[in-house]
Amino acid sequence: MTDPTSRPWRDLTDPRRAEATDRLEAGLKEPEFKNLEIPEELGTVQVVIDDHKIKRYAFTHDDHSSWHLTGSPFEGKRIGHAALLGNDLVQLFTLVYTASQVVGYHTEEQMWFDSPAALDEVVTLHGTYTEAYRRRGEGYVVMEATATGEDGRSVVRHRGVEILKTTPGAIGGRGSALPERRVTGEVPKDARVVDTLGSDARVGDVLAPLHKTVTAEQAAVFSRVGEYVRNIHNDIDVARAGGLRVPIVQGQQQFGVLAQLLTLRSGPAFLTSGWLRVKFLAPLKVFEPFTSTGVITAVTPVDNGLRIDLEVWVRRDTDNRLITAGWAAVTVPAS
């Protein structure tokens with residue numbers, strides 16, 4: 001096990017944690033593009049999927065499924081949410097870089113879901129910065145990371161892209177510079193709306209939407225306010241210093257909502273065969289209502305069922321703007 005005061009998994013009940021944060025960050029690097037070393041090992045830590053961790057995530061996403069709180073289809077065990085470890089993987093950079101100095105901007109997130117993590121399981125996380133490049137005057141860094149169960153199986157795999165240090169208010173909303181596979185978020189008016197992705201799935205079907213509003217409290221808890229970390233998601237002063245009027249919802253939290261949507265629509269299959277990749281196009285402020293959904297783009301027979309490919313997205317309800325968009329896939333039973 002890792003030292004319980006190590007970033008970012010220190011004991012949240014320890015009253016010394018604020019002092020510990022300052023002490024631990026004293027020997028870390030400033031999160032500047034010039035300080036990157038590619039490839040750069042970020043380290044390995046162990047995380048316990050305990051009751052507090054599951055319930056905290058359930059609060060931040062309004063996802064109180066019985067799978068997480070009582071029992072699941074996986075041998076009746078309580079399991080973590082599909083994207084429960086997403087933020088832990090993103091935060092691996094804090095093993096090398098000072099978290100309190102980061103005013104970054106998450107631009108892309110991708111995860112492969114291989115198996116659920118069970119209650120009280122110890123999961124090992126490992127991450128590496130694998131690539132760095134400059135584009136449109138900003139310095140980008142790519143992280144690849146894994147979460148491995150106690151028995152050595154893969155739980156999830158992660159690839160994320162982030163602008164290491166910037167002014168979020170100046171770049172938020174300008175969209176992606178890449179024209180690849182544009183997701184428009186438009187569907188035919190007569191498209192069939194489906195609650196479940198099953199053997200009758202067909203191209204053009206639209207996922208029954210998921211409506212959400214992330215409160216300031218939910219965003220703050222998700223973005224580590226309990227560890228005395230200040231950022232543009234949990235502190236209004238830091239947000240305003242970054243050119244924002246109010247805190248914005250972390251991209252990884254929006255990613256978790258899409259993972260929740262896909263779990264609801266495809267069932268246990270998403271936790272064992274799911275894939276989700278999104279680009280963050282525009283910021284979402286706390287307390288702004290939004291809707292997530294998607295459309296089936298391909299249905300392909302495979303050895304163990306049907307592979308369903310989708311375009312997925314999030315729209316702000318206030319102006320109908322597309323703020324997050326991407327692609328997903330899951331293999332469901334053929335019958």
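Helices (H or I, at least four residues) and strands (E, at least two) are DSSP runs, numbered from the N terminus. By this rule the secondary structure of the chain comes to nine helices and 12 strands. The structure is a predicted model, in which local features need pLDDT of at least 70, side-chain atom pairs count only at pLDDT 80 or more, and totals for chains, interfaces and linings use all residues. Residues are numbered from 1 along each chain as its sequence is written, and side-chain values use heavy atoms, with hydrogens and water left out.

The backbone was examined next. Most residues other than glycine have a negative phi, and most peptide bonds are trans. The peptide bond from I38 to P39 is cis, with omega near -5 degrees. P39 sits in the loop between α1 (17–25) and β1 (40–48). D62 is not a glycine, yet its phi is positive, near 50 degrees. D62 belongs to the loop between α2 (51–61) and α3 (66–69). E75, also not a glycine, has a positive phi of about 55 degrees. E75 lies in the loop between α3 and α4.

Exposure was then assigned. A residue is buried under 20% relative accessible area, exposed over 50%, and partly exposed in between (1.4 Å probe, protein chains only). D62, at 44% relative accessibility, is therefore partly exposed. E75 has a relative accessible area of 70%, so E75 is exposed. Over the chain of 335 residues, 56% count as buried. The accessible surface of the chain is about 14,300 Å², and 51% of that surface belongs to carbon and sulfur atoms. These areas come from the Shrake-Rupley method with a 1.4 Å probe; for residues, only the protein chains shown count as cover.

Contacts (heavy atoms within 4.5 Å) were counted along the chain. Among contacts between residues at least 6 apart in sequence, 73% join residues at least 24 apart.

L84 lies in the loop between α3 and α4. Its relative accessible area is 6%, so L84 is buried. Leaving out residues up to four places away in sequence, L84 touches I49, K53, I54 and Y57. The C-alpha atoms of L84 and R56 are 9.8 Å apart, and the two residues are 28 apart in sequence.

V183 is in the loop between α5 (168–171) and β6 (193–194). With a relative accessible area of 10%, V183 is buried. Residues up to four places away in sequence aside, V183 touches E311, V312, W313, L322, A325, G326 and W327. V183 and W327 are 144 residues apart along the chain, while 8.2 Å separates their C-alpha atoms.

S292 is part of strand β10 (residues 289–302). Its relative accessibility is 0%, so S292 counts as buried. Beyond residues up to four places away in sequence, S292 touches P209, L210, V257, L258, L261, W313 and V314.

Aromatic rings were searched for pairs. A pair of aromatic rings is described by the distance of the centres and the angle of the planes. Rings of Phe, Tyr and Trp (its six-membered ring) pair if their centres lie within 6.5 Å; planes under 30 degrees apart count as stacked, over 60 as edge-to-face and the rest as tilted. The whole structure holds four aromatic pairs. In one of them, the ring centres of Y97 and Y129 are 6.0 Å apart and the planes stand at 50 degrees, so the pair is tilted. Y97 lies in the loop between α4 (86–90) and β2 (105–113) and Y129 in strand β3 (residues 122–135), so the pair ties together parts 32 residues apart in sequence. Both Y97 and Y129 are buried. Y133 and Y140 form a stacked pair, with 5.2 Å from centre to centre and 5 degrees between the planes. Y140 has a relative accessible area of 8%, so Y140 is buried.

On a 1 Å grid over the protein atoms alone, a cavity is a set of points where a 1.4 Å probe fits but cannot get out, and lining residues have an atom within 4 Å of a point. Grid points are joined across faces, edges and corners, and a volume is the space filled by probe spheres set on the points. The count is five cavities of 30 Å³ or more. The second largest cavity has a volume of about 140 Å³. Its lining has 12 residues, of which V90, Y129, V141, M143 and E162 lie nearest the centre. β4 (138–148) and β5 (154–163) each supply at least two residues of this lining. β5 gives the most, with four residues. The lining of the second largest cavity divides into eight nonpolar residues, three polar and one charged. Here Ala, Val, Leu, Ile, Met, Phe, Trp, Tyr, Cys and Pro count as nonpolar, Asp, Glu, Lys and Arg as charged, and the others, Gly among them, as polar.

Note on methods
On a 1 Å grid over the protein atoms alone, a cavity is a set of points where a 1.4 Å probe fits but cannot get out, and a pocket is an open set with protein on both sides within 12 Å along at least five of seven lines; lining residues have an atom within 4 Å of a point.
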